[in-house]
Amino acid sequence: MDKKGTAAMKLLLVLQLLFLAGCSASRSREWAHHGAPMFADLSVREMKAVRDYLHGIPEMRLTEARGKSLKKNSILLMELHLPKKHEALKALDHGHAKPPRQARVIVQFGNQSQPNITEYIVSPLPTPNSHVVKTFKSNRPVRFESRPITNVEYSHIDAILEKIAAKAHKLLFETTGGFSYSNCSDRCLTFSDIAPRGLAPGERRTWIMLQKFVEGYFIHPVGFEVLINHQDLDPDRWTVEKVWYNSMYFDSVEELVEKYESGKIEKMKLPEHDDSDLYSTYIPRGHSNTPTNIHGPKLVEPQGHRYHTDNNFVEYAGWSFAYRVRSSAGLQIFDLRFNGERIAYEISLQEAIAFYAGDTPAAMQTKYIDAGWAMGTSTYELAPGLDCPEIATFVDLYHYFDTDKPVLHKNALCIFEMTLAMPLRRHFNSDFQGGYNFYGGLDNTVLVVRTTSTVYNYDYIWDVLFYLNGVVEVKMSASGYIHATFFTPNGLHYGAKVYDYVLGNLHTHLIHYKVDLDIAGQKNSFETLNLKYVNFTNPWSPKNFIVQSKLHKTEHKTERSAAFRFGKKFPRYLHFYNPNEKNKWGHQRGYRIQFNSHAHSVLPKDWREEKGISWSRYPLAVTRHKDSEATSSSIYTQNDPWEPVVSFEDYIRNNEDIVNQDLVAWVTVGFLHVPHSEDIPNTATPGNAVGFFLRPFNFFDEDPSLSSKNTVIVRPGRAGKPKVQRWTPEVVGHCVTDQPFVYDGTYSGV
């Protein structure tokens, strides 16, 4: 064959390869889009169908969740039950039929001699006709006392507090300067309840503290706390076990009132309440140097969105993924791909805790485990221009928790692209003679998926950011009101005085994530990289020595080896890689996890409540993927952390091999918060954001953001006129949206 024929054959081969690559990319995108509905939250139609199916089973004797009795059988929670991973991958990787959709349903059976909590898997959706009991890996039954508090139970707690407050009316009225619990018009008292509810499994005893019911009542404690035993399903049999007032404990309300009125205890009186100087309100006060008649900067999209959404499927700059907001926990990302290649099967929020310290009984008992409050259902409406840019795509969410019909949360999730006002890459190449050879830069834009959880006083802002260079950032920003208790001198050991009679209690936030990585395939390994000093003779000056750093790699072969304890030295690089795939330069293709966290453990190992949060022992633990190890926590842990039905420690106890396996990284991030005066009225987000990055580490042959057409290159031209090279239009369109600000704030049944 002559040279022309050989060249033609080579060209044909290249074209065939390009065609096959294009077909493969097209199929990958098609299958990812095809599989995304597997991960979508339950629709209203599906929720109603599941509810009607279960209510139609006579032996369950289900009644309305909002019925006043606690002795009833009712649905507590309903959410999507995820398909098994190997079944989902058949649809995602081969275009096979999707497995039937299923619902996970929690039913509380209170109308029987031995009340219990039972979970069911109901299928197929949207027309269910079967159900099976769902069990936990521990095979431990769910104690009825570990169930979350419902609105009906809160109504009975409110009723007993009315009775308690009526007995102590004079004391409360005089202490607070005219506030009372009932018949109070604009000077009312309210309460916050503390968890866990007791000191041992099977208990349901809750410390409750009274507060002034004003905007931001969380930081208006009045110094009255009461321990109520509400384990019995008959509220008439509930009892008061302890009362705390003015740093003293009493065995009953009657004892407190008798000693108060007889002058046996010191009376206290809070400062007079003044609506015009309400320190917990958002109303501006103080002098501002910012002009009030000029708007601040706004985020705009001159020619519209550069991302695409189709229900729960999102595409942006080479990224594609599906998402959901799990009612019991929160935001989850599935089938995350870059340029059609999967990087992670799942990135999901598992748990958020805030463990406190203090001098009052409520403070010393506060160990919030937020999945136990159905953290995912507290995704309330996001405000355009405040919570998300006006240009964002806003998404409605539906939840079924402690309700008799699906509840709509309008505009509870947003998706938007933004510029970080920081170049992704840039370089000024000086000629060192007052000029330059070239300047090159690339704008740093990211896609953001955001939702929030307002779990009573605290507001968590959950973000997942997707960068042009193959980096993913997972972030939590904290705001909301601090959890404050009544000030006592001894309280200064546990926080700071932030207002008259108000102590901001120290606490630690920990957030737990599941990161199911599939780096260039399911078979992955894990290693850590550190540096070691080496000392050797200088080869070009033998009389001297060279001291420098050298890479030291450690392959972690078992789960226990890859479980890093807080307080121990933590590796510098955490590298997940495919031992069977290499990039162009001979390196194993991988990603690494980079922490942005100041977390530490919150309790000693195996100390009572710590057993329920055994994941909090480890900033990172790596396990083999198992469908039976789907979550690290449960909705029941809050009220039974002592004998949890889900124990993360069980996942690594068998110490399985993790070399060339399907791996899951369990990531813990967080920070210590010692409240200070600047937390009034609210905790601000700057400095209170934690999370982690997934960063490519030899996964690509070069920076994949080279494909971005937002690059600008400037070179010197003739006669001193710069020559600008760009690949996007220079002229932009309208800059500011003409849409008015719209915000409703309600959520209602549909």
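Helices here are DSSP runs of H or I with at least four residues, strands are runs of E with at least two, and both are numbered from the N terminus. The model is a predicted one, so local features need pLDDT of at least 70 and side-chain atom pairs count only at pLDDT 80 or more, while totals for chains, interfaces and linings use all residues. Residues are numbered from 1 along each chain as its sequence is written, and side-chain values use heavy atoms, with hydrogens and water left out.

The chain splits into domain 1 (23–134), domain 2 (151–262) and domain 3 (307–707), with bounds from an automatic or database domain assignment. Taken over C-alpha atoms, the centres of domain 1 and domain 3 sit 28 Å apart. Across that pair, 35 residues of domain 1 touch 36 residues of domain 3, where contact means heavy atoms within 4.5 Å.

Domains 1 and 3 also turn up around the second largest pocket: its lining takes at least three residues from each. A pocket is an open set of points on a 1 Å grid over the protein atoms alone, where a 1.4 Å probe fits and protein lies on both sides within 12 Å along at least five of seven lines; lining residues have an atom within 4 Å of a point. This one has a volume of about 850 Å³, counted as the space filled by probe spheres set on the points, which are joined across faces, edges and corners. Of its 40 lining residues, His-81, Leu-82, Lys-134, Asp-627 and Ala-630 come closest to the centre. Elements that each supply at least two lining residues include strand S1 (73–81), helix H3 (85–94), strand S14 (341–356) and helix H8 (649–653). By class, the lining has 13 nonpolar, twelve polar and 15 charged residues; Ala, Val, Leu, Ile, Met, Phe, Trp, Tyr, Cys and Pro count as nonpolar, Asp, Glu, Lys and Arg as charged, and the others, Gly among them, as polar.

Helix H5 (residues 169–176) packs on helix H6 (residues 253–261) at about 60°, with the axes 9 Å apart. Axes are lines fitted to C-alpha atoms over the stretch in contact, and angles run from 0 to 180 degrees between N-to-C directions. That makes H5 oblique to H6, since under 35 degrees is roughly parallel, over 145 roughly antiparallel, 65 to 115 roughly perpendicular and the rest oblique. Lys-170, Leu-171, Glu-174 and Thr-175 of H5 meet Leu-256, Tyr-260 and Glu-261 of H6.

Asn-183, in the loop between H5 and S5, has a positive phi of about 50°.
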